[in-house]
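Welcome! Take a moment to turn the model around on your screen, and then let's walk through it together.

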Amino acid sequence: MPQPRDNLARELRAAVLANDHEEATRLTVEYSEALREHWMTLSAQERADSQLPKQSLELLTWVRDMTLVQQAMAAQHLALVESAHRNQLARAFYLQSA
């Protein structure tokens, strides 16, 4: 029996926050499939009244935005490490030549 969409959405958010890209990818596919299956069971009127497209777009937009934030943070951390490494090399070279 497939998991309810709300549980999948919660797990997807948790995977993104944990920086677990493989799990987030798997859950995105699973969530999309659950949405598709549910959407196919709705009548035309239920589809017209449904908040599902809005909710799913909000979730997937959040996932994208959080991923971009995490990538930017990782790039900043890498830049700091590279700068510290360069400073250490310069200091070592200076001490060696003094």
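Predicted model: local features only at pLDDT ≥ 70, side-chain atom pairs only at ≥ 80, totals over all residues.

## Where the helices meet

Which residues of α4 are buried? They are L52, S56, L59, V63 and Q70. Here is a handy rule for reading such a list: an α-helix has 3.6 residues a turn, so residues three or four places apart point the same way.

Helix α4 covers residues 52–97, which makes 46 residues. From its first C-alpha to its last, α4 reaches 67 Å, close to the 68 Å expected at 1.5 Å a residue.

## The whole chain

How many helices and strands does the protein chain have? There are four helices and zero strands, and the pattern along the sequence reads α-α-α-α.

Now look at the overall shape. The C-alpha atoms fill a box of roughly 80 × 25 × 15 Å along the principal axes. The radius of gyration of the chain is 22 Å, whereas a compact globule of 98 residues would have one near 13 Å.

Of the chain's 98 residues, 16% count as buried. The accessible surface is about 7600 Å², and carbon and sulfur atoms make up 59% of that.

Take the contacts between residues at least 6 apart in sequence: 54% of them join residues at least 24 apart.

Methods:
Residues numbered from 1 in each chain as written. Heavy atoms only, no water. Helix = DSSP H or I, 4+ residues; strand = E, 2+ residues; numbered from the N terminus. Rg over C-alpha atoms; globule rule 2.2 N^0.38 Å. Buried < 20%, exposed > 50% of the residue type's maximum accessible area, 1.4 Å probe, protein only. Contact = heavy atoms within 4.5 Å. Areas by Shrake-Rupley, 256 points an atom, 1.4 Å probe, with all protein chains shown as cover. Expected span 1.5 Å × (residues − 1).
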